[in-house]
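I opened this model to look up a few places in it and write down what I found.

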Amino acid sequence: MFKFLSTSQKKKSKSFALGLRRGFALAFFALICALIVCAIASGPNNPSIGADDSSTGTISWSNPTRIVSSNNSYATARLDDNQISHYLKATNFSFAIPFGAVINGITAEIEKKSSNGSRIKDYQVRIIKGGAIGAINRAISSWWGTSDTYATYGSSSDLWGESWTYSDINDANFGVAISAYKNTAAGGVITASIDHIRITVAYTANTVPNAPILISPNNGSITNDNTPTLSANYSDADIGDTGTTNYRVATSAANCTAGTVVASGTSAQTASNNQDTAWTPVFSIGSDATYYWCSQNNDGVATSSWTSMGNFVLDATGPVITIIASIKLSSSTITNTTISIADNSAVVAGGIAIDASTTAGYSNFNCIQADTNIVNCTIAINSSGDLVIKAVDILGNSATQAENNYIIDTVTPFITITAPAKILNTSITNTTVHVFDDIGILSANVIVDASTTAGTSAFICMQTDQKTVDCAIHIDSSGSLTIRALDNGGNIATHIESGYLIDTIAPTVPGGLQAVIGANLTSQNWSWTASTDIGLGVARYLWRVDGGPSGTTTDTAVTTNLPEGSWKFYVKTEDSASNQSAEKSSLLAIFSSSVNMIPIDCSVPLVQVAVAGSISNPYLDLTPIIVQNGDLLVADVSCEMQLKTSLLSAVITVSIPSGANIRGVASAWPDKIIVPPVATNIAANLLPAGGQVSLAIIVGHTALSLEITKGVRIFIEGQAGKKAGYISNNVFTEIASMCAGDSQDVGDALGAGQDCKINSGSDLVIWTKHFSEFIIYTIAQALQNSPLAGGGIGMPVEWYNPPKPPIGGFGISINNGVELTTIPEVVLNLKGGYDTSKMAISNSPDFQDAGQENYISSKIWNLCWKNSALQFPSTCLDGTYSVYAKYYTPWGTASDIVSDKIILKTSRQLFAKNLKFGQISADVKRLQIFLNQSPDTQIAKFGAGSPGNETSTFGFLTKAAMIKFQEKYADEILTPSGLLKGTGICAQYTRAKINKMLGF
């Protein structure tokens, strides 16, 4: 069955067939151009922009945009006689010339006419490149016709005098410009009309050049040239195309775009199709190693891929020659010399030679090729002299190595040992060794025989000359010493020195140091317990009196006849090897009726003060160890003190341990403590009924109870079984508590201000944490069971009444009522009534850790005491603390509880900057808080600047308080500055004092 087509369908079918034929033709053409280099025409293309350009002529073009297509719609210019038109410019032809294409020629076609023949001609026809009108004029000299006719300018090989790239053609500003003129005086005004302008571009597509072929050096080849010439083949499918070859040299086998590139560049010459190119680096590619290289071709437009990596070996270094001669002096032929030769490339045994100029005789020179790169040789040296070895590798690199000073020696060294002392307490450092050899000896060849029984250290030898070695040796254990010396020829000598004795252990320190004072105070017997020595034994004791005599003794006592005064006695022990123990020292204070003040020096570990019983009011002056902490004086006892008084009836010893602090209120304590004298004026009415004094002694102070942070032991000879108590503030308190034992730990465990007692044989021991007037007494037998002795019956009515309050009531005040403290130690101001006898102080309202104590109006207190122990710093934290008090009558009835509170803030900051009037800062506020700690230097009592209302402004009140502070501590602040009055400026010495008080 057939179907007939209409006329229009036939035209479409014909058009479709024609399209297929054209498609096949283009495809075939593209295939052929892919196989051979051929020219391609692009266009003709139409412009999309037409414009009038006044850079030439005087007559404008009307409707210049009508030139974009051939449609009988014209751009026109009306020209009179000899007039020239502007340029009519056609641009933006929308070409898409492919990347890298070579432009062969440009053809422009202009469809134009004139309203009257033989009147209009071309004036200028020029190409436009990048928007600029070109230099070459392609105008045609013939007249324009009167009907539309295309005129052709340029050709497929005409470049219009320009050089072109594909991007120049594709540029929107590429085009052509035409200017017309009328060159006759006939015909009047003539119209020049242009209907259409189009352009065709002929070009040749660029082919990427082929990847090069590496020519030289060959893979694995070796060269000693560190600027080697590299060669590769350049080729390009484009006939007549030329280009260059790029190179890279790297130290790793990575591809050309990675790795460490040590050299790169381009061949010096251009190459045509299938031609070798070469390149030589200007600088060295580096040291000997395997190098990898690659290349790529570039035709000026495109580049090929990089080749795979080639490789070659650079060996520009001669062989490495190592001569090993561990022994160069021998008593016969030296057979242990070996030679190793290694090279990057290859070295052969045949390339090794002994220089004929050597002075060392040799035999049995034998070399073995270990592998391509290494040769090992052995040689026997049979006469003194030098050896020179030469080697050459296969590339011609050579090396020379010399080994000097081969010596054949058959004489042994001569050894002497000098040891003037063979018995010492430490290493014997004066032993010397002298070694001499007729040829030569090295210090490294002098050794201590390992079989010796004398231990050694610090064996140091010095080569004084070629033949002599002197050594110093430390002998550090008993036995014999064996020295061996080996000269360079292998000759050995041995010398033995015996009888070394080493005792390095010092005797024990003498103990139990005591001083017994004669009756006339000018005869002193010093004694101590004997030392022991586990070595050679104790030889003697060395003693001395500071500022007095000294001597030695084999006894454990020495007698001196020193005048009255204060003396330091020292003793130490020395054994037969001169080892000495540490010194044991004591301070002896000797009194007469005119000497009763003893300055305490804690520069020795033990201070022993011996006082005759006839001396009245003997005092220890603690000024050298006193510091002031706020309102407190604190004596920091860094030595052990033994205060001893010898009476006719008893010996009394007070032992104050090292590390104890003795504390008292500065306003009441003159920084002295009393060495225990006998108290003679005891108020009998203070003792319990029937009380009879056996012995009364004063320790510390008569009017003030001083606190001690560690337990103090009071030993009273022959008073075991008796009662004990103390008087403070005219109130007697019995020491009824029995100690758990007689030890420092027991004493330290006492609470603040507490006591206990214990019998020690026939003697009585009191452990205490305060100083007072201590009484040893008995109760008359008739009163042992009476009510007044504590029987509890027949008591007067006053025993049941509470104490009478003072005016204003009972009270307690912490630090005179300030709000804040930076240290946990505070001063309590206590207010009791006229019949108040005792008091109890506690940090807890239940008074669990408090006992009764004598009533006093002022007391040092630590906010961190709890259960008789300091809880600081782990649990003694910043915060608000309360202190509680209650007061008792002499019969034990208590008042109501009173309390006060204070804020503890221990966080400290150093005052590092000067502060003065007018300044405003946080440091000023910290300064006001500090000054408010003491009533003497408070900023104000009420309002701004008062405690709790501190400000950041350094005003008149702050300056006035600062002056008070400076004058209060004038010795430390004003005197060093040469001032008599305070300045009110917180500067160097003022800041130093404040920081010191803050603990910095």
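**Entry 1: ground rules.** I am working with a predicted model, in which local features need pLDDT of at least 70 and side-chain atom pairs count only at pLDDT 80 or more, while totals for chains, interfaces and linings use all residues. Residues are numbered from 1 along each chain as its sequence is written, and side-chain values use heavy atoms, with hydrogens and water left out.

**Entry 2: the whole protein.** I looked up the helices and strands and found seven helices and 67 strands. Of the 1000 residues, 44% count as buried. Buried means under 20% relative accessible area, exposed means over 50%, and partly exposed lies in between, with a 1.4 Å probe and protein chains only. I then looked at contacts, meaning heavy atoms within 4.5 Å. Among contacts between residues at least 6 apart in sequence, 66% join residues at least 24 apart.

**Entry 3: helix α5.** I went to residues 956-968, which form α5 with 13 residues. From first C-alpha to last, α5 reaches 18 Å, close to the 18 Å expected at 1.5 Å a residue. The expected span is 1.5 Å times one less than the number of residues.

Which residues of α5 are buried? I noted Thr958, Ala961, Met962, Phe965 and Gln966. Seen down the axis of α5, these buried residues fall within an arc of 140°, so they line one face of the helix. The arc is that of the directions from the helix axis to the C-beta atoms. The buried residues of α5 pack against α4 (922-931), α6 (970-973) and α7 (988-997).

**Entry 4: α5 with α4.** Two packed helices are described by the angle between their axes and the distance between the axes. For α4 and α5, I read an angle of about 50° and axes 11 Å apart. That makes α4 oblique to α5. The axes are lines fitted to C-alpha atoms, for helices over the stretch in contact, and angles run from 0 to 180 degrees between N-to-C directions. Angles under 35 degrees count as roughly parallel, over 145 as roughly antiparallel, 65 to 115 as roughly perpendicular, and the rest as oblique.

I also listed who meets whom: Leu927, Gln928, Phe930 and Leu931 in α4 meet Thr958, Ala961, Met962 and Phe965 in α5.

**Entry 5: α5 with α7.** Here the axes come within 11 Å and cross at roughly 80°. α5 and α7 are therefore roughly perpendicular to each other. The contact is made by Met962, Phe965 and Gln966 of α5 and by Thr990, Lys993, Ile994 and Met997 of α7. The buried residues of α7 are Thr990, Arg991, Lys993, Ile994 and Asn995. What covers them includes α4, α5 and α6.

Entry 6: I found Ile407 in strand β26 (residues 398-408). Leaving aside neighbours within four places in sequence, Ile407 is in contact with Lys328, Leu329, Ser330, Ile334, Ser384 and Ile439. Ile407 and Ile439 are 32 residues apart in sequence and 8.4 Å apart in space, C-alpha to C-alpha.

Ser264 is in strand β15 (residues 261-266). Is Ser264 buried, partly exposed or exposed? Ser264 has a relative accessible area of 48%, so I wrote down partly exposed. With neighbours within four places left aside, Ser264 is in contact with Tyr247, Arg248 and Trp279.

**Entry 7: backbone exceptions.** Most residues other than glycine have a negative phi, and most peptide bonds are trans.

- The peptide bond from Gly43 to Pro44 is cis, with omega near 0°, and Pro44 is in strand β1 (residues 39-45).
- The peptide bond from Ser216 to Pro217 is cis, with omega near 5°, and Pro217 is in the loop between β11 (213-216) and β12 (221-223).
- Asn72 is not a glycine but has a positive phi of about 60°. Asn72 is in the loop between β2 (49-53) and β3 (75-79) and counts as exposed at 58% relative accessibility.
- Ser578 is not a glycine either and has a positive phi of about 70°. Ser578 lies in the loop between β40 (566-575) and β41 (584-589) and counts as partly exposed at 39% relative accessibility.

Definitions and conventions:
Helices (H or I, at least four residues) and strands (E, at least two) are DSSP runs, numbered from the N terminus.
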